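Have a look at the model below and turn it around a few times. Then we'll walk through it together, one piece after another.

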Amino acid sequence: MSSKSAFIALLGRANVGKSSLLNSIIGTKVSIVSDKPQTTRTRIMGVLTEGENQFVFIDTPGFHKPRNLLDDKMNKAISSGLGDINAAVLVVDAAPAFKIDAENLPKAETVLLESIKSKNIPCVLAVNKIDLLDKKEELFDIITAYTANFEFEAVVPLSAKTGDGVDIFKTEISKFLKPSPHYFSEDDFTDQPEKTFVCEIIREKLLMLLSKEVPHGIAVDIERFFETDNKSGEPIVNVEAVIYCERDSHKVIVIGKGGNMLKRVGTLARGDIEKFFGTKVSLKLWVKVKENWRNREGLIRSFGLDSLS
Ligand SMILES: Nc1nc2c(ncn2[C@@H]2O[C@H](COP(=O)(O)OP(=O)(O)OP(=O)(O)O)[C@@H](O)[C@H]2O)c(=O)[nH]1
Ligand SMILES: [Mg+2]
């Protein structure tokens, strides 16, 4: 048997670009991205098959201090991402908003590195967002701070945005491929069901268009999903989705003046969903309130946000 595979977990603080890196490697969007922290909520697999080699990347939520039950579940999804893998990648920001030195790594990263060390998992350091650096020396300082704390198998500066360094990153992680059957067929990009991805696209647009608190309290659920033909016999994917928010005041914001915000979300999401299915899409959105859902076990599970259930 000459087929090989590698399970690689992408770990790191929120907003460092884990999902962007995943999408850049796979070459298509499998995990949503936004400029707000805590965009990724569950463990998401992205699959890249190149001939005999299959990489299965596990994108994880950004590690953070839990404030509600959903946060607990997100942190558990990170720990579970560390099970049964061939290697971990700590993704860090090359241009963080605060100074980082060897004695003062961000707490979330120290916790992750301790966990990786205790499990004896080989780890690569991916220093992302190098396109934001003015001077090369800044990169040197960042790398020194991390390598003083951990023995990485490799250190790769890269930019998920420009693609710079991503090929070198792929070469480095190829070293973790092991003889094994492939776990996904070669045209699979992700383990996410289509419906889940559609919900995520809608949530991505809400994260993009709404400010701070509102999108974090949002969950999207599909009520109906079916295919029909239009008058010319072309297929149409029909999606009816509900956007749940935590408060009446948030619902008003999501709908917007005269339904304006909801229309913008719908138009942007429909465009992406059409690209994904390669057909016309009819998207209908409703907004409902489910108070405090982020602390309600049953609702978290019903929204598909408990990776471990
Ligand atoms: N300039 C620049 N921005 C980047 C790069 N990679 C990611 N970003 C931006 O950083 C922000 C966060 O990216 P994500 O991929 O959502 O980060 P994440 O680590 O998955 O975040 P969580 O899911 O919240 O943990 C987005 O605004 C991205 O566009 C990069 O290489 N360069
Ligand atoms: Mg993410």
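Start with V220: its bridge partner in β9 is I243. (Two strands pair if DSSP finds at least two bridges between them; helices, H or I with at least four residues, and strands, E with at least two, are DSSP runs numbered from the N terminus.) Together β8 and β9 make a hairpin with 5 residues between them, and G233 in the turn has a positive phi of about 85°.

Before going on, a word on what you're looking at: this is a predicted model, where local features need pLDDT of at least 70, side-chain atom pairs count only at pLDDT 80 or more, and totals for chains, interfaces and linings use all residues. Residues are numbered from 1 along each chain as its sequence is written, while chains are lettered from A and ligands numbered from 1 in the order in which they are written.

Now zoom out from the hairpin. Which strands make up the open sheet? There are 3 of them, in the order β8-β9-β10, with mixed pairing. β8 (219–229) and β10 (280–289) stand at the edges with a single partner strand each, so one side of each has no neighbour in the sheet. From one strand to the next, the twist averages 15°.

Contact between two residues asks for C-beta atoms, placed from the backbone, within 7 Å of each other.

Next stop: another hairpin. β2 and strand β3 (residues 53–59) pair in the antiparallel sense over 7 bridges, and M45 stands opposite I58 in β3. This hairpin has 2 residues between the strands, and G51 takes a positive phi near 60°. Is strand β2 (residues 44–50) mostly covered or mostly uncovered? It's mostly covered, with 5 of its 7 residues buried. Buried means that 20 or more other C-beta atoms lie within 10 Å of a residue's own; exposed means 12 or fewer, partly exposed is in between, and C-beta atoms are placed from the backbone.

N15 lies in the loop between β1 (4–11) and α1, and its phi is near 75°, a positive value in a residue other than glycine. N15 counts as buried because it has 21 C-beta neighbours inside 10 Å. Q38, in the loop between α1 and β2, has a positive phi of about 60° although it is not a glycine. With 17 C-beta neighbours inside 10 Å, Q38 counts as partly exposed.

S180 is in the loop between β7 (178–179) and α6. It counts as partly exposed, with 14 C-beta neighbours inside 10 Å. S180 and S5 are 175 residues apart in sequence, but 5.7 Å apart in space, C-alpha to C-alpha. Leaving out residues up to four places away in sequence, S180 touches S3, K4 and S5.

What about the ligand? Ligand 1 is surrounded by 24 residues, and the closest are G17, S19, S20, T40 and G62. (A residue is near a molecule if its C-beta atom, placed from the backbone, lies within 6 Å of it.) Helix α1 (residues 18–26) gives the most to this shell, with 3 residues.

Finally, step back to the whole protein. It has 10 helices and 10 strands. Its radius of gyration, taken over C-alpha atoms, is 20 Å, close to the 19 Å from the globule rule (2.2 Å times the number of residues to the power 0.38) for 309 residues, so the protein is as compact as a globular protein of that length. The C-alpha atoms fill a box of roughly 60 × 45 × 40 Å along the principal axes. Buried residues make up 38% of the 309 residues.

Note on methods: Axes fitted to C-alpha atoms, helices over the stretch in contact; angles between N-to-C directions.
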